Amino acid sequence: MIFPLYPLDAFGYEASLVAGTLLGFAFGFVLERSGFGRAPVLAAQFYFADTRVLKVMFGAIVTALLGTTILAGAGVLDYSLLTVPETFLWPQLAGGLLLGVGFIVSGYCPGTAVVAAGSGNLDGAMTVAGVMAGSLLYGFFHPWVAEFEMSGAMGVARLPDLLGVPQALLAAGVAAMAVGMFLGAEALEKLFARRRGGGPLLAPVPRNWVFIGIALASLGGLGTLALEPPAPAAAPAPRVVRIDSLTLARTLVESPDSVRLVDVREPAACEAKRIPGAMCLPADDPGGSFLADLPPTRRLVLYGAAELRALPGPAARFGGPVLVLAGGFAAFETAILTAPVAPSPVTPEALARFRLVSALHAKFTGAAAAPPPPAPAGPARVQPRGPKKGGGC
Amino acid sequence: MTGNLEVVTTRHNAAIDPVLSAWGWEIPVYLFLGGLVAGLLILGAGYELLHPDRPRSRALRAMPFAALGLLSLGMLALFLDLAHKLHVYRFYLAFRWTSPMSWGSWILLLVYPVAFLHGVGSLTAGQRETLLARRALAPLLRPLLRWADRARRAVLKTSVVAGLGLGLYTGLLLGTLAARPQWNTAVLGPLFLASGLSTGAAFLLLFRLDEREHDFVVRWDVGAILVELLLLGAMLLGFAAGDRSAQHALYHLMGGPWTSAFWSLVVFAGLLVPLAMELIGRRRRLPLAALAPALILAGGFALRWVLLVAGQASSFREFP
């Protein structure tokens, strides 16, 4: 089995939503059982009276980090297919600060607020309402902050790349940091609990087992370094897959965030007319050298005037899957950008396809509506009715 | 050939019926509220019939009036769906025993007076005195109260019957429509009744009941959820064993476009999680929480919504 499952099509979109629901409930259940549905427990973190928030959250981070490191090192997980949000340094710093202020004021972070609301705590419900109101306000004021929102763009920035150290080493470092912080947090807890007249909160035996587990996992992660091949002499030729116009059009409508569409024709031709949603090669980089550095979190789809026979050099160095539009722009123009012709004879399959293409044509050309479907051959007369058939009780 | 016949006989043809997906938000809202009211009537009257000597909480006494309000909201949604609103009286000019819609129209007409009498008979002595002190009401209310008290058990029994009819018919209404393979199953009637009982119980659990009432309602809710799960399983098995159109209806809920809504909202969040919460809550004597009832209500609504939308997309057209 190769991970991640969903990007590798182990199951479909619908099943992924079901999996998300199950994971969400499990997450909420664990948060609730950890006491994270109560603001005093969360706020106690800031008074060093009870640092379980740090322990649980940092513990979860270390577990996920070590787990993915070992899996990736063993070749079971393709890191490049994990979705990593892009970094926009300044807005994320400001947003993080705002989130922290909200955390202290309300006693909850967004996830724990939902858990608290589910536990029947009114303050949790109010925090959720506040998060929603804030998101709405942000939407209203977006034009004023749009420029700031995109400032400090670093693309997909990962610490191993920025620091130039192997992932496993970094993971072991973070794990060591976590152990240090856990011990420090307990020391603080003891100090502050004594001042308040309380006793120690944690039994040492399970704690030691956790530390042993973290140490073993860190060693396991480091051990995978031995498995890694020394730097590959020549990058393997990227897998070029063709995608037809109809599939591409559907993908652009249904999941636009899953692909990055690049028009590799002359910039002038692209500026004149291109597939909606495609980016043109910049005039100062007609070779498209930026393609190699695009984050591999989305599939890269390229097209030329006709079908591309060979990939442009930079695209061949792209980290993720590269697709090429079958027939190029000409094929897409014929298939989608031109109004479809009603099928004849009318079969259910032809009619379904005609409806789909009509809808896509309307979407991509901005036509007000798809042309009306053809009437099937036969004596059936069209009897126009009111706008809606009612009835039923 | 068969496909063409189906296109004609079931009118699944854009040239005959210009709108193939005719029901919007109104019908699921009505079906949900109708089922909920059915559950309220059955549980409220059933509790008193089974335990006539027990005192009843304020919430349970006010329940019939809440049922009337909720049903009126549902009827309003139903009325909004009618294309020819002024023709609504025509439902009451005939009774066709083969038509669930006709049954439903008359059942709805029965529910109003029964629930009203049920509610009036549940008024406390203090409430009666307050109402009888009003001169305008007294001449009408006095004989009504006397009659409602005298025929109390008959009213309660009729309330249970009306509730059963209302709950069953909302499912049968869809189940008898042969043109939609997703709905054309006899399971739908009992399924909607079980779901109505469960949502009615959940609605009651949102209010302050006394301990024995709470126990009674939770016990019935747990039973209704278990029956609902069984019936959902039977429905899916029926689809799986059916013809191609039925199997396509199964695909809608098992891999198709309504899979996540059905399994996440209806089965998991709407049935399994609240069932677990209620069982654990009963065993450990945990204080009453609003989350399980809220999940059941949301799940009950999702069940009708999913089946309505998926049903309107299911047809014989794809199978020439």
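Accessible areas here come from the Shrake-Rupley method with a 1.4 Å probe. On that basis, chain B of this predicted model has an accessible surface of about 15,000 Å², and 68% of it belongs to carbon and sulfur atoms. For chain A, the accessible surface comes to about 22,700 Å², with 69% belonging to carbon and sulfur atoms.

**Chain A overall**

- Chain A contains 15 helices and 7 strands.
- Of its 393 residues, 32% count as buried.
- If you take the contacts in chain A with a separation of 6 or more, residues 24 or more positions apart account for 62% of them.

**Chain B overall**

- Buried residues make up 52% of the 320 residues in chain B.
- Among the contacts in chain B between residues at least 6 apart in sequence, 77% join residues at least 24 apart.

- Helix α4 of chain A covers residues 89-106, which is 18 residues.
- From its first C-alpha to its last, α4(A) reaches 26 Å, close to the 26 Å expected at 1.5 Å a residue.
- As for cover, α8(B) is mostly covered, with 17 of its 18 residues buried.

**Around A:Gln45**

- You will find A:Gln45 in the loop between α2 (39-44) and α3 (52-73) of chain A.
- A:Gln45 has a relative accessibility of 15%, so it counts as buried.
- Setting aside neighbours within four places in sequence, A:Gln45 is in contact with A:Asp50, A:Thr51, A:Arg52, A:Val53 and A:Leu54.
- The C-alpha atom of A:Gln45 is separated by 9.9 Å from that of A:Gly107, 62 residues apart along the chain.

**Aromatic pairs and a cluster**

- Over all chains, the structure holds 18 aromatic pairs.
- One of them joins A:Phe141 and A:Trp144, whose ring centres are 5.9 Å apart; their planes meet at 50 degrees, so the pair is tilted.
- In that pair, A:Phe141 is partly exposed at 48% relative accessibility, whereas A:Trp144 is exposed with a relative accessible area of 68%.
- Another pair is B:Phe65 with B:Phe116, with ring centres 6.4 Å apart and planes at 80 degrees, which means the pair is edge-to-face.
- B:Phe65 lies in helix α3 (residues 58-81) of chain B and B:Phe116 in helix α4 (residues 100-121) of chain B, so this pair ties together parts that are 51 residues apart in sequence.
- B:Phe65 is partly exposed, with a relative accessible area of 34%, and B:Phe116 is partly exposed at 37%.
- Back in chain A, one aromatic cluster is formed by A:Phe58, A:Phe182 and A:Phe211.

**Arginines over rings**

- A:Arg265 lies over the face of A:Phe329, 4.2 Å from the ring centre.
- In chain B, B:Arg304 lies over the face of B:Phe192, 4.9 Å from the ring centre.

**Cysteines**

- How many disulfides does the structure hold over all chains? The count is 1.
- That disulfide joins A:Cys270 to A:Cys280, with an S to S distance of 1.9 Å.
- The torsion about the S-S bond of A:Cys270 and A:Cys280 is about -80 degrees, so the disulfide is left-handed.
- The pair links distant parts of the chain, 10 residues apart: A:Cys270 sits in helix α12 (residues 267-272) of chain A and A:Cys280 in strand β5 (residues 279-280) of chain A.
- Are these two cysteines, A:Cys270 and A:Cys280, buried or exposed? A:Cys270 is buried with a relative accessible area of 0%, and A:Cys280 is buried with 15%.
- A:Cys109 is buried too, with a relative accessible area of 18%.

Methods
Residues are numbered from 1 along each chain as its sequence is written. Chains are lettered from A and ligands numbered from 1 in the order in which they are written. This is a predicted model: local features need pLDDT of at least 70, side-chain atom pairs count only at pLDDT 80 or more; totals for chains, interfaces and linings use all residues. Side-chain values use heavy atoms; hydrogens and water are left out. Helices (H or I, at least four residues) and strands (E, at least two) are DSSP runs, numbered from the N terminus. The expected span of a helix is 1.5 Å times one less than its number of residues. Rings of Phe, Tyr and Trp (its six-membered ring) pair if their centres lie within 6.5 Å; planes under 30 degrees apart count as stacked, over 60 as edge-to-face and the rest as tilted. Buried means under 20% relative accessible area, exposed over 50%, partly exposed in between (1.4 Å probe, protein chains only). A charge sits over a ring if NZ of Lys or CZ of Arg is within 6 Å of the ring centre and within 35 degrees of the ring normal. A disulfide is a pair of cysteine sulfur atoms within 2.5 Å. Contact means heavy atoms within 4.5 Å.
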